[in-house]
Amino acid sequence: MHLLNRGCLLIFCFVVAQSSLAKVISTCYGTTANGRLEKGVKLPSKGKNFKAYSWMGQQLGRTYLHSSVHDILIAAYKSLEKKAPSKVFMYAETGFASGGKFKPHKTHQNGLSLDHMVPVLRGEKSVHLPTSVFNRFGYDIEFDLTGKYESYKIDYEALALLIGEIHKQALKRKLDLWRVIFDPKMTPSLYKTSYGEYLKENIMFSKKRSWVRHDEHIHIDFKVPRKSLDKKPASSL
Ligand SMILES: [Zn+2]
């Protein structure tokens, strides 16, 4: 083997070894409403078909979650690149690297909560919601019950597909979704899509109104094995 090739191979092996070493496994404690997280993983700012809701939110460390939930979401996006190549997605707030109180949210404390903006269409084109500091990074946007906000309309097909794909990716890892919070008055529109039957059979949508209306975003809580909050991690015993 040429010396240069051998050098490249060595560097390649080193990088592979480093990247597998860098694979972090998070641990979650307590509940989504009273919990914490160890070794939270930050979501990437963007990918081929997705991006974060806010640059500032990322800088403030508000896009960390449990490593398994991170992997589920990224794998779902990857799969959607093939299944729905014209669609774009935007995730929103998740939590802090170490979990804990995450105002103004009441949950998001142990790395198992994910907010995701609804995919939207402008005309026939899949676009991102216009998030900025002026609309509280998208959270102040109010859709009417027909799913319209200014020139945007909720892409229910893409939203149903996204939820279904996240669920499938969770099952692949022997995990599951606990619940999805979405405006109960708008959930029937999800059931009317091509993935409606799958959602009806597999996803528990909240039936009562949440403390804040979930029309511009959905909130997903994942089922991942947790440790109790008072239990000290083994390393600090
Ligand atoms: Zn939430």
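Visitor: Where does R136 sit, and what makes its phi stand out?
Guide: R136 is in the loop between β10 and β11. Its phi is near 50°, which is a positive value in a residue other than glycine. Residues are numbered from 1 along each chain as its sequence is written.

Visitor: Why is R136 called exposed?
Guide: Burial is a count: a residue is buried if 20 or more other C-beta atoms (placed from the backbone) lie within 10 Å of its own, exposed if 12 or fewer, and partly exposed in between. R136 has 12 other C-beta atoms within 10 Å, so it is exposed.

Visitor: And why is K39 called partly exposed?
Guide: K39 has 16 other C-beta atoms within 10 Å, so it falls in the in-between class and is partly exposed. You will find K39 in the loop between β2 and β3 (41–42), with a phi near 55°, again positive in a residue other than glycine.

Visitor: What makes F96 buried?
Guide: F96 has 20 C-beta neighbours inside 10 Å, so it counts as buried. It lies in the loop between β7 (89–91) and β8 (113–117). Leaving aside neighbours within four places in sequence, F96 is in contact (C-beta atoms, placed from the backbone, within 7 Å) with G40, G61, R62, Y64 and F102. The C-alpha atoms of F96 and K42 are separated by 8.9 Å, though these residues are 54 apart along the chain.

Visitor: What makes β1 and β2 partners?
Guide: Four bridges join β1 (residues 27–30) to β2 (residues 35–38), and the two run antiparallel.

Visitor: What is the largest nonpolar core, and which residues touch the most other members?
Guide: A nonpolar core is a set of buried Ala, Val, Leu, Ile, Met, Phe, Trp, Tyr and Cys residues joined through C-beta atoms within 7 Å. The largest has 53 residues, of which L159, L162 and I166 touch the most other members. Helix α4 (residues 156–172) gives the most to this core, with nine residues.

Visitor: Why is I166 called buried?
Guide: I166 has 26 C-beta neighbours inside 10 Å, so it counts as buried. I166 is in helix α4 and, beyond neighbours within four places in sequence, contacts I72, L73, A76, L177 and I220. L159, with neighbours left aside in that way, contacts V118, P119, I154 and L190.

Visitor: Why is α4 said to be largely enclosed?
Guide: Of its 17 residues, 13 are buried, so α4 is largely enclosed by the rest of the structure.

Visitor: How do you know how the span of α4 compares with the expected one?
Guide: The expected span is 1.5 Å times one less than the number of residues. α4 reaches 24 Å from its first C-alpha to its last, close to the expected 24 Å.

Visitor: How do you know which stretch to read with care?
Guide: pLDDT is the predictor's confidence in each residue, from 0 to 100. The chain averages 90, and 88% of the residues score at least 70. Over residues 13–22, however, the pLDDT is below 50, and this stretch has zero contacts in the model beyond near neighbours in sequence. Where pLDDT is low, the predicted coordinates should not be read in detail.

Technical notes. Predicted model: local features only at pLDDT ≥ 70, side-chain atom pairs only at ≥ 80, totals over all residues. Pairing = 2+ DSSP bridges. Contact = placed C-beta atoms within 7 Å.
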